[in-house]
Amino acid sequence: MKLLIKLIRNLLGGIIVLLDLITRGAKKKRSPEQQKVVNEQVKDLTLYHFTACPFCTKTRRAMYKLNLPIEKRSASQGSPYRQELEVGGGRVKVPCLRIEKDGQVEWMYESNDIIRYLEQRFA
Ligand SMILES: N[C@@H](CCC(=O)N[C@@H](CS)C(=O)NCC(=O)O)C(=O)O
């Protein structure tokens with residue numbers, strides 16, 4: 001039963017990923033100079049995610065739309081980043097954005113909070 005639920009969840013997640021790919025549209029356009037600055041700024045950000053999680057898809061979609069090449073780390077079973085997320089952030093829940101600023105690290109959970117943060121900073 002657990003396996004069936006997992007299978008259905010992954011299938012639905014896959015469909016959502018596919019729909020996102022088909023409908024995501026254009027990225028935000030910046031001048032090459034502006035994009036270079038943004039590319040540098042996002043080096044302090046890392047997204048921990050699962051491929052087939054709808055909340056992660058929503059967050060990745062916002063990152064794509066805002067043209068933010070943020071490093072993504074899979075937190076699925078078996079990935080070394082899973083433990084990194086658990087130890088650093090306190091729990092294995094995705095999406096989670098790791099924000100490094102002035103030597104301080106913040107682990108931001110909740111897709112809506114992450115998207116709001118990215119839009120306020122980069123839109
Ligand atoms: N309200 C959260 C929901 C996130 C969520 O439920 N993520 C699932 C994967 S789809 C998860 O990490 N579950 C593991 C857990 O909650 O321990 C958001 O919008 O980010």
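**Exercise 1.** Which backbone atom of Val94 lies 2.9 Å from a nitrogen atom of the ligand?

*Solution.* Before starting, note that this is a predicted model, in which local features need pLDDT of at least 70, side-chain atom pairs count only at pLDDT 80 or more, and totals for chains, interfaces and linings use all residues. Residues are numbered from 1 along each chain as its sequence is written, and side-chain values use heavy atoms, with hydrogens and water left out.

Step 1: a backbone N or O atom of Val94 lies 2.9 Å from a nitrogen atom of the ligand.

Step 2: a polar side-chain atom of Glu110 is 2.8 Å from a nitrogen atom of the ligand, while a polar backbone atom of Val92 is 3.3 Å from an oxygen atom of the ligand.

Step 3: the protein buries 66% of the 510 Å² that the ligand exposes when taken alone (accessible areas come from the Shrake-Rupley method with a 1.4 Å probe, and for residues only the protein chains shown count as cover).

**Exercise 2.** Describe helix α1 and what follows it.

*Solution.* Step 1: α1, a helix (a DSSP run of H or I with at least four residues), has 22 residues and spans 31 Å from its first C-alpha to its last, close to the 32 Å expected at 1.5 Å a residue (the expected span is 1.5 Å times one less than the number of residues).

Step 2: Leu7 lies in this helix, residues 2-23, and Leu7 is exposed, with a relative accessible area of 59% (exposed means over 50%).

Step 3: just after α1, Gly25 takes a positive phi of about 70°.

Definitions and conventions
Helix = DSSP H or I, 4+ residues; strand = E, 2+ residues; numbered from the N terminus. Buried < 20%, exposed > 50% of the residue type's maximum accessible area, 1.4 Å probe, protein only. Polar contact = N/O pair within 3.5 Å; in protein donor to acceptor, adjacent residues only side chain to side chain.
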